[in-house]
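Visitor: I would like to learn how to read this model. Please take me through it feature by feature.

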Amino acid sequence: MSEIAAAGSTTPHLWVDRVTELDDHDIAELCEATDAAIIEGGGFGWIEPQGRAALERHFRGVLLVPERELFVARLDGMVVGSAQLVRPHRNNEAQAFAAQLTHAYIAPYGRGHGLARLMIQRVEEYAASLGHRVLNLDVRETQLTAISLFQALGYVRWGTHPVYARVRGQTVAGQYYYKLLEPGRGRRTGQMVP
Ligand SMILES: CC(C)(COP(=O)(O)OP(=O)(O)OC[C@H]1O[C@@H](n2cnc3c(N)ncnc32)[C@H](O)[C@@H]1OP(=O)(O)O)[C@@H](O)C(=O)NCCC(=O)NCCS
């Protein structure tokens, strides 16, 4: 699954793939983008840069987990960010309708072109195509750019966790969001909400 959002000699090519394997070149770029995002302030679990070996182990592990889907964002062909879709375990039938968007980031050198917006929309489309009706996410309240992006994309804030994360000795609150996803067919999700 891939998408070119724009083309042209001066317009950057934006491309988002759901990947099931990564070659050495792509994984090198992905690890570099991840460490660059962590150094700049992250937004996902890591606080300190991890280096190539640890990040490669992480991403190769992600590709092995049945409930995880990895999306990578490319700017002019170069991997500059990623996001993960986490699906509920099979034993969680009551929440099989919901999935989680997590670990979304674009390296500082890939920002401002609309790649995060495209990447999140691709995750939403894929989650909806799998039958999920809700996408959940949470984010540190200090990630203001991400929060404005999620709100612009229609995510609804339902709660605040006052003791969400510890970053460099400071306790940081977290914001919890959800978005209803519309399926290609069947009853509209809004009709299922009491
Ligand atoms: C949040 C992040 C993913 C945005 O990446 P990006 O590719 O630059 O975002 P886009 O270019 O797709 O911008 C999409 C929207 O985000 C918002 N946005 C982007 N940059 C912004 C900025 N500097 N200030 C305010 N809003 C901004 C806008 O709503 C923008 O839409 P618009 O261009 O139509 O106005 C990136 O800044 C990032 O990786 N931050 C650190 C990690 C993080 O916070 N991840 C999310 C939590 S897991």
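Guide: Helices (H or I, at least four residues) and strands (E, at least two) are DSSP runs, numbered from the N terminus. On that basis Gly 112 falls in the loop between S4 and H3. This is a predicted model, where local features need pLDDT of at least 70, side-chain atom pairs count only at pLDDT 80 or more, and totals for chains, interfaces and linings use all residues. Residues are numbered from 1 along each chain as its sequence is written.

Visitor: How many helices and strands are there in the protein?

Guide: Four helices and seven strands. Along the sequence they follow the pattern β-α-α-β-β-β-α-β-α-β-β.

Visitor: What order do the strands of the open sheet have?

Guide: First the general idea. Strands of a sheet pair through backbone hydrogen bonds, either parallel or antiparallel. Here two strands pair if DSSP finds at least two bridges between them. The open sheet has seven strands in the order S1-S2-S3-S4-S5-S7-S6, and its pairing is mixed. S1 and S6 (156–167) are the edge strands, each pairing on one side only. Neighbouring strands are turned by 25° against each other on average, direction ignored.

Visitor: How many bridges join S5 to S7?

Guide: Seven, and the two strands run antiparallel. S7 covers residues 170–180. Leu 137 stands opposite Tyr 177 in S7.

Visitor: Which strands does H1 lie across?

Guide: Angles need a convention. Axes are lines fitted to C-alpha atoms, for helices over the stretch in contact, and angles run from 0 to 180 degrees between N-to-C directions. Contact means that the C-beta atoms of two residues, placed from the backbone, lie within 7 Å. H1 lies across S2, S3 and S4, at about 80° to S3. H3 also packs on the sheet, touching S1, S2, S3, S4 and S5, and its direction makes about 35° with that of S3.

Visitor: What span should helix H3 have?

Guide: The expected span is 1.5 Å times one less than the number of residues. H3 has 15 residues (115–129), so it should span 21 Å; its end C-alpha atoms are 21 Å apart, which agrees. Gly 131 follows H3 with a positive phi, near 100°.

Visitor: Which residues of H3 are buried?

Guide: A residue is buried if 20 or more other C-beta atoms lie within 10 Å of its own, exposed if 12 or fewer, and partly exposed in between; C-beta atoms are placed from the backbone. In H3, the buried residues are Leu 115, Ala 116, Met 119, Ile 120, Arg 122, Val 123, Glu 124 and Ala 127. Their packing partners include S1 (14–19), S5 (134–140) and helix H4 (144–152).

Visitor: Which residues have the most contacts inside the largest nonpolar core?

Guide: In soluble globular proteins, nonpolar side chains tend to be buried together. A nonpolar core is a set of buried Ala, Val, Leu, Ile, Met, Phe, Trp, Tyr and Cys residues joined through C-beta atoms within 7 Å. The largest has 40 residues, and Val 80, Leu 101, Leu 115, Met 119 and Val 123 have the most contacts inside it. S1, H1 (24–40), S2, S3, S4, H3 and S5 each supply at least two residues of this core. Leaving aside neighbours within four places in sequence, Val 123 is in contact with Phe 71, Ala 83, Leu 85 and Leu 101.

Visitor: Does Glu 93 count as buried or exposed, and why?

Guide: Exposed, because Glu 93 has 9 C-beta neighbours inside 10 Å. Glu 93 is in the loop between S3 and S4.
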